[in-house]
Amino acid sequence: MATDMASAPAVQERSHECANNENESAKDENETVQTGETETLSKRQRKRLLKNQQWEEQRELRKQKRKERKQQRKLERQAQADDGVEWTGKKRLRRSAEPSSLRLVIDCSFDNLMMLKDVKKLHKQIQRCYAENRRTLHPVQFYLTSHGGQLKQIMDEINKGWVNWKDVHVKPEAFHEIMNKDDLVYLTSDSPNVLQELDEAKAYVIGGLVDHNHHKGITFGRAQELGIAHAQLPLGSFVKMNSRKVLAVNHVFEIILAFLEKQDWQEAFFTVLPQRKGAVPVGQENKLGEEDSDEDSDTEPPTSERGTDSKDQSDSKQEEHKPLLNQSDSSERNTA
């Protein structure tokens, strides 16, 4: 009996210890779980969560600000209309454009005659033509024909968005295969015919060639070979230049766009031609002085222009943003 009574407190004590151990174990487990939950969110995640919460809280404020800006623009347009000022926003400008039925074609069949660097320059000129045609008041029907080879490869690599271009017809076929020959007029500076007016029923072809004068007369020969009409722009009738008269593809394209808008050749020429060509109206040639020269030289430009031309000949990123390209970069003798 005494032994049983003595062992009872010991059993109770062991039971109490077991209970305490279980409580401590449960407490440690809860702390581990809580600690684990905290560790699942990194500092970056907590910052992101806080940022998302703030973004959601400010949703209504952003919505209100957008409405206020929209209302402000509306009031500004109304004020301009009351003052007789024409709204020139891009969307309004596109709606007011009057497309021309005239077709402008860039003949890309000279791909195999150019080095890769020259094909890249042609690509930039085509990009400029597309951009100018999109923003002009009288956009033409723009065609790229004989599209393929190096040019297509470069466009696929550098400018994949070209497949989504609007208001341009890109054809792998040659221009004379998809258009009536009676409607075609090849623009070439070697033609004896001088263009006086533009016939909007015609398709005017520009030779897509950057050749540094290695293939003189090739566009004129192509027009004769195909038996189609040819002509040169009336440059000599309105403009005197101290550099050669051969113009880049985008120059010719833009001059025609300018003429459609202004109906004046001289104004069209001087709107587009770069200052480095030293262009002045016919009758004011004395302003050119001793620099008056029409020599077609790629290696020795006039002293006053050497710095500019050598800079223009580089393929730097800056050249991509220049509105007009170097005359020696585009020696397609198809214009002037």
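**The contact of α10 with α11**

Tutor: In helix α10, the residues His251, Glu254, Ile255, Ala258, Phe259 and Lys262 meet Trp265, Glu267, Ala268, Phe269, Thr271 and Val272 of helix α11; contact here means heavy atoms within 4.5 Å. Sorted by class, seven residues of this contact are nonpolar, two are polar and three are charged. Nonpolar covers Ala, Val, Leu, Ile, Met, Phe, Trp, Tyr, Cys and Pro, charged covers Asp, Glu, Lys and Arg, and the others, Gly among them, are polar.

The model is predicted, with local features needing pLDDT of at least 70 and side-chain atom pairs counting only at pLDDT 80 or more, while totals for chains, interfaces and linings use all residues. Residues are numbered from 1 along each chain as its sequence is written, and side-chain values use heavy atoms, with hydrogens and water left out.

Helix α10 spans residues 249-262 and helix α11 residues 265-272; their axes come within 8 Å and cross at roughly 135°. Such axes are lines fitted to C-alpha atoms, for helices over the stretch in contact, with angles from 0 to 180 degrees between N-to-C directions. The angle therefore makes α10 oblique to α11. Under 35 degrees would be roughly parallel, over 145 roughly antiparallel and 65 to 115 roughly perpendicular, the rest being oblique. The crossing of α10 and α11 is right-handed, a term for a near helix turned clockwise from the far one by less than a right angle, anticlockwise being left-handed.

Leu116, Val119, Lys120, Leu122, His123 and Ile126 of α5 meet Gln150, Leu151, Ile154, Met155 and Ile158 of α6. Eight residues of that contact are nonpolar, two are polar and one is charged.

Two single residues may also be examined. Threonine 145, in strand β2 (residues 141-145), counts as buried because its relative accessible area is 0%; buried means under 20%, exposed over 50% and partly exposed in between, with a 1.4 Å probe and protein chains only. Leucine 226 belongs to helix α8 (residues 218-226) and is buried at 13% relative accessibility. With the same exclusion, leucine 226 touches Phe175, His176 and Lys181.

The whole chain has 13 helices and eight strands, which are DSSP runs numbered from the N terminus (helices H or I, at least four residues; strands E, at least two). Of its 336 residues, 38% are buried. The average pLDDT is 75, and 63% of the residues score at least 70; pLDDT is the predictor's confidence in each residue, from 0 to 100. Residues 1-9 stay under 50 and have zero contacts beyond four places in sequence. Where pLDDT is low, the predicted coordinates should not be read in detail.
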